[in-house]
Number of protein chains: 12
Amino acid sequence: MSDKVYAISKVVGTSKKSIEDAIDNAISTASKSINNLDWFEVKETRGYIDNNKVAYYQVSLELGFRYEK
Amino acid sequence: MSDKVYAISKVVGTSKKSIEDAIDNAISTASKSINNLDWFEVKETRGYIDNNKVAYYQVSLELGFRYEK
Amino acid sequence: MSDKVYAISKVVGTSKKSIEDAIDNAISTASKSINNLDWFEVKETRGYIDNNKVAYYQVSLELGFRYEK
Amino acid sequence: MSDKVYAISKVVGTSKKSIEDAIDNAISTASKSINNLDWFEVKETRGYIDNNKVAYYQVSLELGFRYEK
Amino acid sequence: MSDKVYAISKVVGTSKKSIEDAIDNAISTASKSINNLDWFEVKETRGYIDNNKVAYYQVSLELGFRYEK
Amino acid sequence: MSDKVYAISKVVGTSKKSIEDAIDNAISTASKSINNLDWFEVKETRGYIDNNKVAYYQVSLELGFRYEK
Amino acid sequence: MSDKVYAISKVVGTSKKSIEDAIDNAISTASKSINNLDWFEVKETRGYIDNNKVAYYQVSLELGFRYEK
Amino acid sequence: MSDKVYAISKVVGTSKKSIEDAIDNAISTASKSINNLDWFEVKETRGYIDNNKVAYYQVSLELGFRYEK
Amino acid sequence: MSDKVYAISKVVGTSKKSIEDAIDNAISTASKSINNLDWFEVKETRGYIDNNKVAYYQVSLELGFRYEK
Amino acid sequence: MSDKVYAISKVVGTSKKSIEDAIDNAISTASKSINNLDWFEVKETRGYIDNNKVAYYQVSLELGFRYEK
Amino acid sequence: MSDKVYAISKVVGTSKKSIEDAIDNAISTASKSINNLDWFEVKETRGYIDNNKVAYYQVSLELGFRYEK
Amino acid sequence: MSDKVYAISKVVGTSKKSIEDAIDNAISTASKSINNLDWFEVKETRGYIDNNKVAYYQVSLELGFRYEK
């Protein structure tokens, strides 16, 4: 598996429901323009508050994917 | 929206259920003494273990809010 | 409670379901070889992607436990 | 000057003009509710973009001040 | 505003005049190839020195922008 | 003990004698305005030098305390 | 040389031979889709182990390059 | 002295008296199960507060030791 | 491959020859007491100097391995 | 340009006017005792507050310069 | 007090007795070659272990001092 | 060996060949003006790219050395 090269893109997914759902949204949207998504790493977890409740989560991710040949 | 000033308070929410629930508890309790809560950022996620299970999550947050005039 | 000494082990739990489930798996497996588990701290949250969905979460934890006498 | 105790508050100043102006706004607003402001430290410099220009700077600061006796 | 997804690009702007001007140059140039620029965060501030004066500032930024549909 | 919420304040204690004495001074002074102090974490240890000796230590701490109900 | 703008991409090169070779592979592959590569910075050095030997090195790099006009 | 291999364990020592005493307690307890302890590095200094005084210090250390042959 | 649990050990390999050789020495020695070594991550690269030359490299690694059942 | 060796010195410039002016002051003063100054990197931006205004900025820099032969 | 320029040197003090004594030794020795020492900041606290006791503390400090005119 | 005091200088070595060679060049050049070099720690590994190949490595090091008496 060696000598492959990967690129890493940083994206931010949001969700009203959960941290996991924000990750899913980020990956799902990114997959429309990036092929071969392979792994992710959570870099920051934030969110906005409205009326004293979480309005939505914002999870920033690094996404790793294999370079197309 | 410029020239506003915000303050940031650090709080720790706990929950037996989930990381999201610990965030909710922190925001709900903080909102009793802080008005205009606007955003949060997760800084650390910890927890205590009892009988080889998670007893409760402890999530430390920075909470941003607008200064009252 | 003072003058006790604790050790810290680093483990990585995985789960197809959620971040909390990956933490549970890490603690449950570690508890088979470590007694007196007391606390955890999440250090990194990653995961693998398969077919544009999260295949599984990988959550690395520090686990604190009391030294046996 | 020793044995004094200081507190540190975190605030975010904003400005359309410059990073220095955002710092001034943060200090000016905080000084209405905090006495004895003594020093600051810039922790993050961010901003919002509108129409491909900086709409305003957001500078987060730690503000140090002496405890009132 | 939830469930939106953002991407983050890292750029370095330079300027002979000021840190703010280097930020402006980075945003202005990036906007030619990226639509919907929304926020920036300063990651590093450096520069080159010539004849014992600042020759130019180099400010590295993360730029956030909404994914096109 | 779960579902409790804690707040964290940052303070700087100073002392001519020792790091531990600076921590004591910070906690003692903070306790006059904060109830239920529960834990601390040392964030930075600095000091001023006078006549080639330590004039006083400055220890910055995060102080955790339970929210009053 | 001022007022130029650079972009930074993050890539991961792999190699069975050495850290330097993994850097070369990353740059060589990235150069097929990025012109004007100018500098790199090593961010992480990892690798996989097979049969108690390094199977391959994984070196993540930030690559800086000049924006095309 | 080259080509030796060392392992690093993380432990937390506690003490009612001082930071140095917490370090001593950690090393003394760890030495009952680890031979050849060689160096330490302080990673975090925390503590618990009781009745507005330090109840005990908690000092987390990395302990380096030579692998037994 | 999900729901597996991994442990992480920190070791320091040394070598007179190269950084890669210090990594090899660390893995080779650790493999005598740890089964199923899977990955490594370089955390620090240091070394000792003797007579104005590198006497030996010291590379500290985190080693990941699967828990035995 | 390879095989050159550079040294890095850390300095703190101060200014009543601006962050850029504090950088200029640091470089100008350092250039009296250091030749061949080549680059700088801002490490911390702080300042003192007097009468609820910025009294002066303190900008700590790393300064890179070529070793004299 | 503005427009002054300071330099920062990094030193490591050692002591068999305490962390504070290691700081004193560093400052005392540095003061023989550096005038106008003004402040210090502890960056790392380490030490060597001999016979399961602390042989000596190693405290690395940044020392700030005013540039001579 | 206690109560000795060390100083730390930061240097950047460059090499067309390898990371290790850049470290050697830094130490060799620094040793012309610094006696008693004792250890190094790699802080950053960067480099310049020319014609899609590594033109030279730049390795920044902290160099520790004993104070002359």
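Author: R46(A) forms a salt bridge with E41(B), and the closest N and O atoms of the pair are 3.2 Å apart. The model is a predicted one. The distance of 3.2 Å meets the cut-off, which asks for a side-chain nitrogen of Lys or Arg within 4 Å of a carboxyl oxygen of Asp or Glu. Between chain B and chain A the count is one salt bridge.

The contact around that pair comes next. On the side of chain B, 13 residues take part, and they are in contact with twelve residues of chain A. Together the two chains bury about 1,200 Å², with 58% of this area on carbon and sulfur atoms. Three residues, E20(B), F40(B) and E41(B), supply 43% of the area that chain B buries against chain A, more than any other three residues.

How do the two chains relate as copies? Chain B is superposed on chain A by a rotation of 120° with 0.0 Å of shift along the axis, and the RMSD is 0.0 Å. The two copies are thus related as by a three-fold rotation axis. In chain B, the residue that comes closest to this axis is I19(B), whose C-alpha lies at 5.0 Å. The copies meet through different surfaces, because only 15% of the interface residues of chain B are also interface residues in chain A.

Strand 2 of chain L covers residues 37–50, and ten of its 14 residues are buried, so the strand is largely enclosed by the rest of the structure. Within its own chain, strand 2 runs antiparallel to strand 3 (residues 53–66), and twelve bridges join the two. One bridge partner of T45(L) in this pairing is V59(L) in strand 3. In a regular strand the side chains alternate between the two faces of the sheet.

Strand 2 of chain L also pairs with strands of other chains. It runs antiparallel to strand 2 (residues 37–50) of chain G, with three bridges between them, and F40(G) has G47(L) as its bridge partner there. Three bridges likewise link it, in the antiparallel sense, to strand 2 (residues 37–50) of chain I, where Y48(I) stands opposite W39(L).

The turn between the two strands of chain L deserves a word. Strand 2 and strand 3 form a hairpin with two residues between them. N51(L) lies in this loop and has a positive phi of about 55° although it is not a glycine. At 70% relative accessibility, N51(L) counts as exposed. The corresponding loop of chain C, between strand 2 (37–50) and strand 3 (53–66), holds N52(C). N52(C) has a positive phi of about 65° and is not a glycine. With a relative accessible area of 31%, N52(C) is partly exposed.

The loop of chain L is also touched from chain G. S31(G) touches N52(L) and, in its own chain, L37(G), leaving aside residues up to four places away in sequence. S31(G) sits in the loop between helix 1 (19–30) and strand 2 of chain G. At 15% relative accessibility S31(G) counts as buried, since buried means under 20%.

Helix 1 can be followed in chain J. At 1.5 Å a residue, its twelve residues (19–30) should span 16 Å, and the end C-alpha atoms are 17 Å apart, which agrees. The helix is mostly covered, as ten of its twelve residues are buried. An α-helix has 3.6 residues a turn, so residues three or four places apart point the same way.

Conventions
Residues numbered from 1 in each chain as written. Chains lettered and ligands numbered in written order. Predicted model: local features only at pLDDT ≥ 70, side-chain atom pairs only at ≥ 80, totals over all residues. Heavy atoms only, no water. Buried < 20%, exposed > 50% of the residue type's maximum accessible area, 1.4 Å probe, protein only. Helix = DSSP H or I, 4+ residues; strand = E, 2+ residues; numbered from the N terminus. Pairing = 2+ DSSP bridges. Least-squares fit on C-alpha atoms with pLDDT ≥ 70 in both. Contact = heavy atoms within 4.5 Å. Expected span 1.5 Å × (residues − 1). Buried area = accessible area lost by both parts, 1.4 Å probe.
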